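Colleague: Could you show me how to read pockets and salt bridges in a model? I'd like the general idea, then the case at hand.

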Amino acid sequence: MAVMETTEGVPPEQTQRWAWLRFIARDKKALVGMIVLAVLTLAAILAPFLTPYDPNAQDFAMIGAPSWAHPLGTDDLGRDLLSRLIHGGRISLFVGTSTVLMALLVGVVLGVSAGYYGGWLDTIIMRYIDLQWAFPNFIIAVYLVAVFGAGLSNVIVAISLAFVDDFARIARGMVLTIKEEQYIAAARTLGASDNRIMWRHILPNAAAPIIVQATVSVSYAILAEAGLSFLGLGVRSDTPTWGLILADSRSFISRAWWLGFFPGLFIMVTVLSINFLGDALRDLFDVRETKDLGAH
(Lines give C-alpha, C1' and ligand atoms only; values in the text may rest on other atoms or scores of the structure.)
Protein backbone atom coordinates (compact mmCIF):
# COMPACT_ATOMS: atom_id res chain seq x y z
CA MET A 1 0.00 0.00 0.00
CA ALA A 2 1.45 3.32 -1.05
CA VAL A 3 2.00 5.93 1.58
CA MET A 4 0.64 9.29 0.48
CA GLU A 5 2.53 12.44 1.44
CA THR A 6 0.43 14.84 3.45
CA THR A 7 0.98 18.21 5.08
CA GLU A 8 -1.92 17.89 7.51
CA GLY A 9 -0.85 18.94 10.98
CA VAL A 10 2.46 20.34 9.75
CA PRO A 11 3.13 24.01 10.60
CA PRO A 12 3.01 26.32 7.51
CA GLU A 13 6.61 27.47 8.10
CA GLN A 14 7.87 23.87 8.04
CA THR A 15 5.81 23.07 4.92
CA GLN A 16 7.22 26.11 3.13
CA ARG A 17 10.75 25.21 4.21
CA TRP A 18 10.41 21.71 2.74
CA ALA A 19 8.92 23.19 -0.43
CA TRP A 20 12.01 25.38 -0.83
CA LEU A 21 14.33 22.43 -0.28
CA ARG A 22 12.44 20.30 -2.80
CA PHE A 23 12.56 23.10 -5.35
CA ILE A 24 16.31 23.58 -4.95
CA ALA A 25 16.88 19.80 -4.96
CA ARG A 26 15.20 19.61 -8.38
CA ASP A 27 17.55 22.32 -9.71
CA LYS A 28 20.79 20.44 -10.27
CA LYS A 29 22.93 23.55 -10.55
CA ALA A 30 21.54 24.98 -7.32
CA LEU A 31 22.08 21.66 -5.56
CA VAL A 32 25.69 21.52 -6.71
CA GLY A 33 26.14 25.14 -5.65
CA MET A 34 24.79 24.43 -2.17
CA ILE A 35 27.05 21.42 -1.74
CA VAL A 36 30.14 23.33 -2.92
CA LEU A 37 29.35 26.28 -0.66
CA ALA A 38 28.75 23.97 2.29
CA VAL A 39 32.11 22.26 1.72
CA LEU A 40 33.97 25.57 1.34
CA THR A 41 32.29 27.05 4.41
CA LEU A 42 33.01 23.97 6.52
CA ALA A 43 36.62 23.93 5.32
CA ALA A 44 37.00 27.61 6.17
CA ILE A 45 35.57 27.12 9.67
CA LEU A 46 37.76 24.08 10.34
CA ALA A 47 40.81 25.52 8.58
CA PRO A 48 43.17 25.25 11.60
CA PHE A 49 42.37 21.53 11.86
CA LEU A 50 42.29 20.67 8.15
CA THR A 51 45.36 22.42 6.78
CA PRO A 52 48.52 20.31 6.78
CA TYR A 53 50.84 23.32 7.19
CA ASP A 54 50.92 26.77 8.73
CA PRO A 55 49.72 29.11 5.93
CA ASN A 56 52.54 31.56 6.65
CA ALA A 57 55.32 29.02 7.35
CA GLN A 58 58.20 29.54 4.92
CA ASP A 59 60.51 26.79 3.68
CA PHE A 60 62.75 27.93 0.85
CA ALA A 61 63.96 24.39 0.28
CA MET A 62 60.46 23.22 -0.71
CA ILE A 63 59.41 25.67 -3.41
CA GLY A 64 57.92 23.67 -6.21
CA ALA A 65 55.04 22.37 -8.30
CA PRO A 66 52.13 20.28 -6.98
CA SER A 67 53.26 17.06 -5.38
CA TRP A 68 52.07 14.46 -2.88
CA ALA A 69 53.47 16.51 0.01
CA HIS A 70 51.97 19.74 -1.36
CA PRO A 71 48.92 18.87 -3.53
CA LEU A 72 48.61 22.42 -4.90
CA GLY A 73 52.31 23.27 -4.79
CA THR A 74 54.13 26.00 -2.88
CA ASP A 75 54.60 29.69 -3.59
CA ASP A 76 57.76 31.75 -4.02
CA LEU A 77 58.39 31.71 -0.26
CA GLY A 78 57.84 27.99 0.12
CA ARG A 79 54.41 28.36 1.73
CA ASP A 80 51.92 25.56 1.12
CA LEU A 81 49.32 26.84 -1.35
CA LEU A 82 46.52 24.52 -0.23
CA SER A 83 46.85 25.68 3.38
CA ARG A 84 46.86 29.30 2.31
CA LEU A 85 43.78 28.87 0.11
CA ILE A 86 41.80 27.15 2.84
CA HIS A 87 42.71 29.84 5.36
CA GLY A 88 42.11 32.49 2.70
CA GLY A 89 38.57 31.22 2.34
CA ARG A 90 37.87 32.31 5.90
CA ILE A 91 38.62 35.95 5.05
CA SER A 92 37.05 35.95 1.59
CA LEU A 93 33.80 34.31 2.71
CA PHE A 94 33.64 36.44 5.86
CA VAL A 95 34.08 39.62 3.84
CA GLY A 96 31.46 38.48 1.33
CA THR A 97 28.78 37.73 3.92
CA SER A 98 29.50 40.53 6.39
CA THR A 99 29.57 43.27 3.74
CA VAL A 100 26.26 42.11 2.30
CA LEU A 101 24.65 41.98 5.75
CA MET A 102 25.79 45.53 6.48
CA ALA A 103 24.70 46.80 3.07
CA LEU A 104 21.36 45.02 3.42
CA LEU A 105 20.69 46.56 6.83
CA VAL A 106 21.52 50.13 5.79
CA GLY A 107 19.98 49.87 2.33
CA VAL A 108 16.71 48.36 3.55
CA VAL A 109 16.31 51.01 6.27
CA LEU A 110 16.88 53.78 3.72
CA GLY A 111 14.67 52.19 1.06
CA VAL A 112 11.78 51.35 3.36
CA SER A 113 11.85 54.81 4.96
CA ALA A 114 11.97 56.57 1.59
CA GLY A 115 9.19 54.48 0.10
CA TYR A 116 6.88 54.64 3.11
CA TYR A 117 7.15 58.32 4.08
CA GLY A 118 7.83 59.80 0.65
CA GLY A 119 8.05 63.58 0.37
CA TRP A 120 11.28 65.38 1.18
CA LEU A 121 12.77 62.32 2.90
CA ASP A 122 12.28 60.25 -0.24
CA THR A 123 13.79 63.02 -2.36
CA ILE A 124 16.93 63.33 -0.22
CA ILE A 125 17.53 59.59 0.09
CA MET A 126 16.91 58.81 -3.57
CA ARG A 127 19.05 61.67 -4.84
CA TYR A 128 21.93 60.20 -2.84
CA ILE A 129 21.12 56.73 -4.17
CA ASP A 130 21.00 58.10 -7.73
CA LEU A 131 24.39 59.74 -7.23
CA GLN A 132 25.90 56.49 -5.98
CA TRP A 133 24.12 54.55 -8.73
CA ALA A 134 26.04 56.58 -11.33
CA PHE A 135 29.35 54.95 -10.31
CA PRO A 136 30.27 51.25 -10.55
CA ASN A 137 30.36 49.49 -7.19
CA PHE A 138 34.01 48.52 -7.50
CA ILE A 139 35.11 52.09 -8.28
CA ILE A 140 33.31 53.31 -5.15
CA ALA A 141 35.00 50.61 -3.05
CA VAL A 142 38.43 51.48 -4.48
CA TYR A 143 37.90 55.17 -3.73
CA LEU A 144 36.75 54.57 -0.15
CA VAL A 145 39.65 52.22 0.63
CA ALA A 146 42.10 54.66 -0.94
CA VAL A 147 40.72 57.44 1.28
CA PHE A 148 40.41 55.56 4.58
CA GLY A 149 43.30 53.14 4.10
CA ALA A 150 43.68 49.40 3.65
CA GLY A 151 42.78 46.82 6.27
CA LEU A 152 40.05 44.26 6.83
CA SER A 153 37.60 46.58 8.61
CA ASN A 154 38.00 49.35 6.02
CA VAL A 155 37.53 46.87 3.18
CA ILE A 156 34.29 45.59 4.74
CA VAL A 157 32.93 49.12 5.26
CA ALA A 158 33.95 50.24 1.78
CA ILE A 159 32.32 47.30 -0.02
CA SER A 160 29.22 47.59 2.20
CA LEU A 161 28.70 51.24 1.34
CA ALA A 162 29.21 50.47 -2.34
CA PHE A 163 26.29 47.99 -2.29
CA VAL A 164 23.83 50.07 -0.25
CA ASP A 165 22.14 51.56 -3.31
CA ASP A 166 21.16 48.14 -4.71
CA PHE A 167 19.19 47.19 -1.59
CA ALA A 168 17.73 50.69 -1.14
CA ARG A 169 16.26 50.73 -4.65
CA ILE A 170 14.75 47.27 -4.37
CA ALA A 171 13.30 47.94 -0.89
CA ARG A 172 11.81 51.28 -1.95
CA GLY A 173 10.21 49.81 -5.06
CA MET A 174 8.59 47.01 -3.09
CA VAL A 175 7.34 49.38 -0.39
CA LEU A 176 5.70 51.69 -2.94
CA THR A 177 3.68 48.73 -4.19
CA ILE A 178 2.85 47.04 -0.90
CA LYS A 179 1.85 50.12 1.10
CA GLU A 180 -1.22 50.55 -1.13
CA GLU A 181 -2.57 47.10 -0.27
CA GLN A 182 -5.81 46.80 1.67
CA TYR A 183 -4.28 45.04 4.66
CA ILE A 184 -1.94 48.01 5.18
CA ALA A 185 -4.94 50.35 5.19
CA ALA A 186 -6.64 48.02 7.67
CA ALA A 187 -3.57 48.11 9.93
CA ARG A 188 -3.63 51.92 9.90
CA THR A 189 -7.36 51.87 10.73
CA LEU A 190 -6.67 49.64 13.71
CA GLY A 191 -4.13 52.17 15.00
CA ALA A 192 -0.89 50.37 14.15
CA SER A 193 2.15 52.64 14.35
CA ASP A 194 4.30 53.48 11.34
CA ASN A 195 7.16 51.38 12.68
CA ARG A 196 4.93 48.36 13.14
CA ILE A 197 3.44 48.73 9.67
CA MET A 198 6.88 49.12 8.03
CA TRP A 199 8.75 46.35 9.82
CA ARG A 200 5.98 43.87 10.71
CA HIS A 201 3.64 44.13 7.71
CA ILE A 202 5.49 45.60 4.73
CA LEU A 203 9.05 44.30 5.08
CA PRO A 204 8.19 40.57 5.43
CA ASN A 205 6.18 40.78 2.21
CA ALA A 206 9.06 42.54 0.45
CA ALA A 207 11.68 40.04 1.60
CA ALA A 208 11.76 37.80 -1.49
CA PRO A 209 13.59 40.14 -3.92
CA ILE A 210 15.83 41.38 -1.12
CA ILE A 211 16.90 37.80 -0.31
CA VAL A 212 17.67 37.15 -3.98
CA GLN A 213 19.71 40.35 -4.26
CA ALA A 214 21.59 39.53 -1.06
CA THR A 215 22.51 36.08 -2.34
CA VAL A 216 23.84 37.41 -5.64
CA SER A 217 25.63 40.30 -3.91
CA VAL A 218 27.75 37.89 -1.86
CA SER A 219 29.51 36.80 -5.05
CA TYR A 220 30.01 40.43 -6.07
CA ALA A 221 31.48 41.20 -2.65
CA ILE A 222 33.91 38.27 -2.87
CA LEU A 223 35.04 39.49 -6.29
CA ALA A 224 35.36 43.05 -4.96
CA GLU A 225 37.56 41.90 -2.06
CA ALA A 226 39.67 39.84 -4.43
CA GLY A 227 40.01 42.83 -6.75
CA LEU A 228 41.00 45.18 -3.95
CA SER A 229 43.56 42.71 -2.62
CA PHE A 230 44.88 42.18 -6.13
CA LEU A 231 45.45 45.94 -6.41
CA GLY A 232 47.15 46.08 -3.01
CA LEU A 233 44.20 47.88 -1.37
CA GLY A 234 42.87 44.96 0.64
CA VAL A 235 43.96 43.32 3.86
CA ARG A 236 47.51 43.24 5.22
CA SER A 237 50.07 41.38 3.18
CA ASP A 238 50.55 38.70 5.87
CA THR A 239 46.83 37.80 5.80
CA PRO A 240 46.08 35.12 3.21
CA THR A 241 43.06 35.88 1.04
CA TRP A 242 42.25 34.55 -2.40
CA GLY A 243 42.77 37.92 -4.03
CA LEU A 244 46.09 38.52 -2.30
CA ILE A 245 47.35 35.03 -3.16
CA LEU A 246 46.38 35.68 -6.77
CA ALA A 247 48.18 39.03 -6.70
CA ASP A 248 51.36 37.40 -5.38
CA SER A 249 51.41 35.09 -8.40
CA ARG A 250 51.77 37.86 -10.97
CA SER A 251 55.56 37.82 -10.99
CA PHE A 252 55.72 34.04 -11.37
CA ILE A 253 52.83 33.29 -13.70
CA SER A 254 55.10 32.22 -16.57
CA ARG A 255 57.24 29.97 -14.36
CA ALA A 256 54.74 28.63 -11.82
CA TRP A 257 51.29 28.22 -13.36
CA TRP A 258 49.76 26.78 -10.19
CA LEU A 259 50.24 30.00 -8.21
CA GLY A 260 47.62 31.84 -10.25
CA PHE A 261 45.50 28.93 -11.43
CA PHE A 262 44.31 27.52 -8.10
CA PRO A 263 43.31 30.79 -6.34
CA GLY A 264 41.51 31.84 -9.52
CA LEU A 265 39.77 28.45 -9.57
CA PHE A 266 38.65 28.83 -5.94
CA ILE A 267 37.20 32.28 -6.68
CA MET A 268 35.48 31.09 -9.87
CA VAL A 269 33.92 28.02 -8.27
CA THR A 270 32.68 30.00 -5.26
CA VAL A 271 31.15 32.76 -7.37
CA LEU A 272 29.51 30.29 -9.75
CA SER A 273 28.06 28.31 -6.84
CA ILE A 274 26.57 31.44 -5.29
CA ASN A 275 25.15 32.53 -8.64
CA PHE A 276 23.61 29.08 -9.20
CA LEU A 277 21.88 29.36 -5.83
CA GLY A 278 20.81 32.93 -6.56
CA ASP A 279 19.28 31.89 -9.88
CA ALA A 280 17.33 29.14 -8.14
CA LEU A 281 16.01 31.56 -5.53
CA ARG A 282 15.05 34.00 -8.28
CA ASP A 283 13.06 31.27 -10.03
CA LEU A 284 11.52 30.20 -6.73
CA PHE A 285 10.34 33.68 -5.85
CA ASP A 286 9.75 34.62 -9.50
CA VAL A 287 11.41 37.98 -8.93
CA ARG A 288 11.81 39.20 -12.49
CA GLU A 289 12.48 42.81 -11.60
CA THR A 290 15.53 41.91 -9.49
CA LYS A 291 17.61 41.28 -12.61
CA ASP A 292 17.17 44.89 -13.67
CA LEU A 293 17.46 46.47 -10.24
CA GLY A 294 20.51 44.46 -9.21
CA ALA A 295 22.51 44.77 -12.45
CA HIS A 296 24.90 47.51 -11.48
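Modeller: By class, the largest pocket is lined by eight nonpolar residues, two polar ones and no charged ones. Here Ala, Val, Leu, Ile, Met, Phe, Trp, Tyr, Cys and Pro count as nonpolar, Asp, Glu, Lys and Arg as charged, and the others, Gly among them, as polar. This is a predicted model: local features need pLDDT of at least 70, side-chain atom pairs count only at pLDDT 80 or more, and totals for chains, interfaces and linings use all residues. Residues are numbered from 1 along each chain as its sequence is written, and side-chain values use heavy atoms, leaving out hydrogens and water.

Colleague: Thanks! What does a salt bridge look like, and how many does the structure hold?

Modeller: Side chains of opposite charge can pair when their charged atoms come close. The structure holds five salt bridges (a side-chain nitrogen of Lys or Arg within 4 Å of a carboxyl oxygen of Asp or Glu). In one of them, Asp130 meets Arg127 at 2.6 Å, N to O.

Colleague: Why does Asp130 count as partly exposed?

Modeller: Because its relative accessible area is 27%, and partly exposed lies between buried, under 20%, and exposed, over 50% (1.4 Å probe, protein chains only). Arg169 is also partly exposed, at 24%.
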